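Take a look at the model below.

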Amino acid sequence: MHNHQKYMRRCLDLAKLGERRVAPNPMVGSVIALNDKIIGEGFHQFFGGPHAEVNAINSVKDQKLLTESTLYVNLEPCAHFGKTPPCSDLIIEKQIPNVVIGTIDPFAKVAGRGIEKLRNAGCNVIVDVLKEKCIELNRRFFTFHKERRPYIILKWAETSDGFVDFERTTTDFGMPTWITNEMARIAVHKQRSTEMAIFIGTETALHDNPSLTLRDWYGKQPLRIVADRNQRLHNELKLFDGSAETITITSEKYSGDRNCTNVIMQPNGNVIEKMLAYLYEKDVQSVIVEGGPTMLQSFIDANLWDETHRYIGQISFGKGIKAPTFNASHVKFDRFYNSELRIYRNERLLSE
């Protein structure tokens with residue numbers, strides 16, 4: 001294996017340690033090597049904290065060795081002042097002669113400027129080492145900045161015969177229909193912990209009365225978003241219990257106080273695209289859509305999705321509400337005893 005790839009793989013392993021703690025920043029790891037030995041390494045540990053390159057440089061005991069070393073990083077060093085100073089400036093200041101980068105940063109304030117600054121200062125810069133793996137790790141970050149919208153994950157559970165629910169009457173409202181087992185539900189909460197928001201529609205809120213919070217995993221509570229165009233939701237729902245930030249999307253302002261942020265979106269035009277544009281402005285980089293089949297199908301038909309997480313239980317209903325339909329091949333498969341998870345990727349993205 002080429003040494004550049006070896007050290008870049010280490011950068012990716014380090015970067016993953018920042019998962020759930022650095023968003024909306026990307027996950028970044030950095031390694032400093034000399035004579036085929038690692039003399040320093042670090043990763044971006046929390047949002048607003050020092051970047052990976054800074055931590056790696058500071059970890060080198062003998063700073064004089066930096067002038068002979070190679071710095072590896074899975075994402076282009078920043079070239080602008082944000083919450084921290086530019087990493088490219090520090091690399092130049094420390095006179096590190098060689099820099100190997102996994103991929104260019106898509107963020108407009110960087111986007112090649114860090115590489116340009118390093119090369120202008122005389123650094124030998126190599127780019128695109130394990131590029132695909134580096135983009136894969138930060139696919140939410142890349143989608144957000146390239147598509148100007150959050151990374152969209154569609155999620156539902158269906159029976160072995162393809163139903164997401166049975167036909168309910170109002171007496172059946174207020175409780176979710178459990179299709180998969182407890183292990184699969186823990187996996188759902190783990191997934192929630194890595195995403196920034198969850199979006200559902202009015203029917204799901206009324207039928208299931210979900211909390212949409214982390215209870216079986218640790219992490220920051222995701223932003224809860226619910227569409228309530230005709231203001232049918234009542235205050236007693238768990239969505240309004242104050243346990244997590246909640247946004248309601250309506251066509252008119254609520255008449256009374258409610259424990260949420262009320263966002264007005266007129267029904268004219270594409271409401272989904274309006275919602276995604278709003279989340280982009282709020283710096284929300286990923287959203288799980290956990291609505292009913294009508295809402296999920298609308299995202300599929302508009303080709304506005306990046307991943308689909310399809311949980312399949314062993315039980316069957318015989319009849320009921322059919323699961324959404326789509327055309328894609330699953331790229332990952334997990335089994336949780338008598339339940340399974342199939343993860344699909346949008347072929348549009350796989351072909352890019």
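The charged end of Arg 258 sits over the ring of Tyr 254, 4.3 Å from the ring centre. The ring of Phe 240 also has the charged end of Arg 258 over it, at 4.8 Å from its centre. Both placements come from a predicted model.

Now turn to rings that meet rings. A pair of aromatic rings is described by the distance of the centres and the angle of the planes. The structure holds 8 such aromatic pairs. One of them joins Phe 144 and Tyr 280. Is this pair stacked, tilted or edge-to-face? The ring centres of Phe 144 and Tyr 280 are 4.7 Å apart and the planes meet at 35°. Stacked needs planes under 30 degrees apart and edge-to-face over 60, so the pair counts as tilted.

Phe 144 and Tyr 280 are both buried.

A second pair has another geometry to check. Trp 305 and Phe 326 lie 6.0 Å apart, centre to centre, with 80° between the planes. That pair is edge-to-face. Both partners sit in loops. Trp 305 lies between helix 10 (293-301) and strand 13 (307-312). Phe 326 lies between strand 14 (321-322) and strand 15 (330-336). The pair so ties together parts that are 21 residues apart in sequence.

Are these two residues buried or partly exposed? Trp 305 has a relative accessible area of 4%, so this residue is buried.

Step back to the whole protein. The secondary structure comes to 11 helices and 16 strands. The C-alpha trace spans about 75 × 45 × 35 Å along its principal axes. Of the 352 residues, 50% are buried. Among contacts with a separation of 6 or more, 68% are between residues 24 or more positions apart.

Last, the surface and the charges. The accessible surface comes to about 17,200 Å², and carbon and sulfur atoms account for 49% of that area. There are 45 positive and 43 negative side chains. The centres of the two sets lie 3 Å apart.

Terms used
Residues are numbered from 1 along each chain as its sequence is written. This is a predicted model: local features need pLDDT of at least 70, side-chain atom pairs count only at pLDDT 80 or more; totals for chains, interfaces and linings use all residues. Side-chain values use heavy atoms; hydrogens and water are left out. Helices (H or I, at least four residues) and strands (E, at least two) are DSSP runs, numbered from the N terminus. Buried means under 20% relative accessible area, exposed over 50%, partly exposed in between (1.4 Å probe, protein chains only). Contact means heavy atoms within 4.5 Å. Accessible areas come from the Shrake-Rupley method with a 1.4 Å probe; for residues, only the protein chains shown count as cover. Lys and Arg count as positive and Asp and Glu as negative; His and the chain ends are not counted. The place of a charge is taken as NZ of Lys, CZ of Arg, CG of Asp or CD of Glu. Rings of Phe, Tyr and Trp (its six-membered ring) pair if their centres lie within 6.5 Å; planes under 30 degrees apart count as stacked, over 60 as edge-to-face and the rest as tilted. A charge sits over a ring if NZ of Lys or CZ of Arg is within 6 Å of the ring centre and within 35 degrees of the ring normal.
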